[in-house]
Amino acid sequence: MSSSVTSRPTALYGGQAGRRVTVRDVAAAKERGERWPMVTAYDAMTAKVFDEAGIPVLLVGDSAAMVVYGYDSTLPVTVDDLLPLTAAVVRGSSRAMVVADLPFGSYQASPQQALETAARFMKEGGAHAVKLEGGRRVLPQVEALVSAGIPVMAHLGLTPQSVNTFGGYRVQGRGQAGDELMSDAKDLEYAGAFAVVLECVPAELAERVTRSLSIPTIGIGAGPSTDAQVLVWQDLMGLTPHPAKFVKKYFDLAGEMDRAVRAFADEVVGGAFPAAEHSYH
Ligand code: KIV
């Protein structure tokens, strides 16, 4: 562990006043030029660890489809799958802002559908904001949510819910597509989004978008110049078997778990566990 690791890594962490981080804190961080981390969370115990470590924003991503439910894309996960995870992350944290991803098919049909789905995440899940994927085609949805008082995090670039349109998980925004992405980002800001995730886009494009927007950009595979960075926690902890190129593995959780569970199995088989101190008399 590096000695630069602190338990409160960002001044953005509004919890200094014993409260949750809000969209105003995130906006103020952009004005101060302060970078911040976001990680995904899907359950109360990991949310508590990340919250206490000072991660200011927790995302209950639809990546749960893959890392929690074992699907091979984010498409199958439903609102009913994600709602209990969102509620668990809210219960497990006390200072982070919790953002709930709207799953595929739960907002694209109309602003009304988006509003009904987002309201469930706010009322039943206790989320503080929602995230949805797409550019100009979801502007009416973003406007409807923002007018209803629901903070919206946008998501551009490699939007995994559109994997079938992209023909695979590939870098987006090269060439002329970069200008389209820039214009989508500006439109989303104008529509009221409070932040935008940029996934798998060239670093130079992410830098240009970050400089052009007054709302924060959150990069994942978008180089070093975005205002914030996000990773799926199983990727950064080394639980994912074949992570993408943009992932940095900070821990070997799969290896550590393998060692621990083998030790448990050996001790059970050999009779060393449970010992006297693990038994009631
Ligand atoms: O679902 C998710 O985890 C995400 C992040 C990777 C941004 O959308």
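This is a predicted model: local features need pLDDT of at least 70, side-chain atom pairs count only at pLDDT 80 or more; totals for chains, interfaces and linings use all residues.
1. Ser-63 places a polar side-chain atom 2.5 Å from an oxygen atom of the ligand. For Lys-131, the distance from a side-chain N or O atom to a ligand oxygen is 3.0 Å. For Asp-101, the corresponding distance is 3.1 Å, again to an oxygen atom of the ligand. The ligand taken alone exposes 260 Å², and the protein buries 95% of that area.

2. Domain layout. The protein is split into domain 1, residues 23–250, and domain 2, residues 252–280. Their C-alpha centres are 38 Å apart. Five residues of domain 1 and four residues of domain 2 take part in the contact.

3. Area between the domains. About 350 Å² is buried between domain 1 and domain 2. Carbon and sulfur atoms account for 64% of this area.

4. One salt bridge is found across the interface of domain 1 and domain 2. The side chains of Lys-249 and Asp-252 form a salt bridge, with an N to O distance of 3.9 Å. That pair counts as a salt bridge because the cut-off is 4 Å. Two residue pairs are in polar contact between the two domains. On the domain 1 side, the residues touching domain 2 comprise three nonpolar, one polar and one charged.

Note on methods. Residues are numbered from 1 along each chain as its sequence is written. Side-chain values use heavy atoms; hydrogens and water are left out. A polar contact is a pair of N or O atoms within 3.5 Å; within protein, one must be able to donate a hydrogen and the other to accept it, and residues adjacent in sequence count only if both atoms are side-chain atoms. Accessible areas come from the Shrake-Rupley method with a 1.4 Å probe; for residues, only the protein chains shown count as cover. Domain bounds come from an automatic or database domain assignment. Contact means heavy atoms within 4.5 Å. Buried area is the accessible area (1.4 Å probe) that two parts lose on being put together, summed over both. Ala, Val, Leu, Ile, Met, Phe, Trp, Tyr, Cys and Pro count as nonpolar, Asp, Glu, Lys and Arg as charged, and the others, Gly among them, as polar.
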